Amino acid sequence: MKILLLIGVAILIAVLVYAGIPTLYYKYCRCNTPLRGNKKQIILTFDDGPDPRYTWELLKILQTYQVKAAFFVLAEKAERNPQLIREMLAQGHMVGVHGWNHRQTLFASYRRLSQDLHQALNVLHKIGCCPLYYRPPHGYINLSLLFLLRKSRLHLLLWTVMAQDWRQNTTGEQILGKLRHRCRPGSLICLHDSGEGSGGAPGAPQRTLAAVRRFVPQMQALGYQFVLPLQ
């Protein structure tokens with residue numbers, strides 16, 4: 001029994017060191033935002049796209065208010081919608097990597113992470129995009145991923161504000177309220193312009209668009225600027 005207990009403890013320690021501690025550290029201890037100081041600046045980001053049902057409309061909204069955003073795209077969707085990626089770049093938005101698909105990365109092996117990352121980067125490079133930032137699905141991080149990002153010269157970028165916009169029963173009004181309540185100078189917002197197949201409720205991005213359409217001009221009226229991460 002003692003041997004089994006020791007083996008169990010050793011496995012638990014290995015899991016914590018490999019994935020648990022890195023994830024907790026980067027999510028909660030090092031809530032990384034490139035913005036510092038008291039300037040009224042916000043970084044607006046969108047995950048899980050591109051999705052032609054929602055992303056085209058989102059781009060129109062951002063263009064209306066002359067706002068630049070960062071899109072962390074799934075390369076599997078980007079390969080099917082290269083015109084959306086090119087339009088993002090043409091409008092001056094930043095395109096980052098969210099992986100090939102939305103498989104969780106918490107306990108993923110080095111081999112699986114390497115295949116996923118290189119497959120995603122190859123697709124984006126062919127479209128004409130050279131990403132500088134990576135955001136793992138669900139924000140899950142392990143030692144293999146950190147090593148791969150360093151090797152690929154990609155910067156890890158998580159978030160400081162979410163509004164649970166992927167949920168089935170979350171309304172546009174609730175999303176707007178959470179954003180207004182949680183945002184402050186230097187906030188890094190994570191929203192979603194797609195969702196089905198990656199944990200989001202069907203149609204949820206439509207409510208996100210409704211919230212963004214009101215949130216952006218309201219924050220601009222308060223003197224906030226929407227900026228991109230350093231490139």
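Which residues does H98 touch, not counting residues up to four places away in sequence? H98 touches D47, D48, F72, V73, L74, Y134, R135, P136 and P137, where contact means heavy atoms within 4.5 Å. The structure is a predicted model, in which local features need pLDDT of at least 70 and side-chain atom pairs count only at pLDDT 80 or more, while totals for chains, interfaces and linings use all residues. Residues are numbered from 1 along each chain as its sequence is written, and side-chain values use heavy atoms, with hydrogens and water left out.

- H98 is located in the loop between β3 (94-97) and α5; helices (H or I, at least four residues) and strands (E, at least two) are DSSP runs numbered from the N terminus.
- With a relative accessibility of 1%, H98 counts as buried; buried means under 20% relative accessible area, exposed over 50% and partly exposed in between, with a 1.4 Å probe and protein chains only.
- R135 is 37 residues from H98 along the chain, and the C-alpha atoms of the two are separated by 5.1 Å.
- The side chains of H98 and H102 are joined by a polar contact of 3.4 Å. A polar contact is a pair of N or O atoms within 3.5 Å; within protein, one must be able to donate a hydrogen and the other to accept it, and residues adjacent in sequence count only if both atoms are side-chain atoms.

**Nonpolar core**

- The largest nonpolar core has 66 residues, of which L44, F46, F71, I189 and L191 touch the most other members. Such a core is a set of buried Ala, Val, Leu, Ile, Met, Phe, Trp, Tyr and Cys residues joined through side-chain atoms within 4.5 Å.
- Helix α5 (residues 110-127) supplies the largest share of this core, 7 residues.
- Beyond its neighbours within four places in sequence, L191 has contacts that include L44, F46, A163, I175, L179 and V212.

**Helix packing**

- Helix α2 (residues 55-64) packs with helix α8 (residues 204-221) at an angle of about 5 degrees, their axes being 10 Å apart. Axes are lines fitted to C-alpha atoms, for helices over the stretch in contact, and angles run from 0 to 180 degrees between N-to-C directions.
- α2 is therefore roughly parallel to α8, a label given to angles under 35 degrees, with over 145 roughly antiparallel, 65 to 115 roughly perpendicular and the rest oblique.
- E57, L58 and I61 of α2 meet L209, V212 and R213 of α8 in this contact.
- α2 also packs with helix α4 (residues 82-90), at an angle of about 10 degrees and with axes 11 Å apart, so these two helices are roughly parallel to each other.
- The contact with α4 is made by T55, W56 and L59 of α2 and by Q83, L84, E87 and M88 of α4.

- N142 is in the loop between β4 (133-134) and α6 and is buried, with a relative accessible area of 0%.
- A polar atom of the N142 side chain lies 3.1 Å from the backbone oxygen of A108, and one lies 3.0 Å from the backbone nitrogen of S144.
- S144 itself is in helix α6 (residues 143-152) and counts as buried at 12% relative accessibility.
- Leaving aside neighbours within four places in sequence, S144 is in contact with Y18, Y110 and L113.

**Cysteines**

- The count of disulfides comes to 0, a disulfide being a pair of cysteine sulfur atoms within 2.5 Å.
- For C190, the nearest cysteine sulfur is that of C183, 12 Å away; C190 is buried, with a relative accessible area of 0%.
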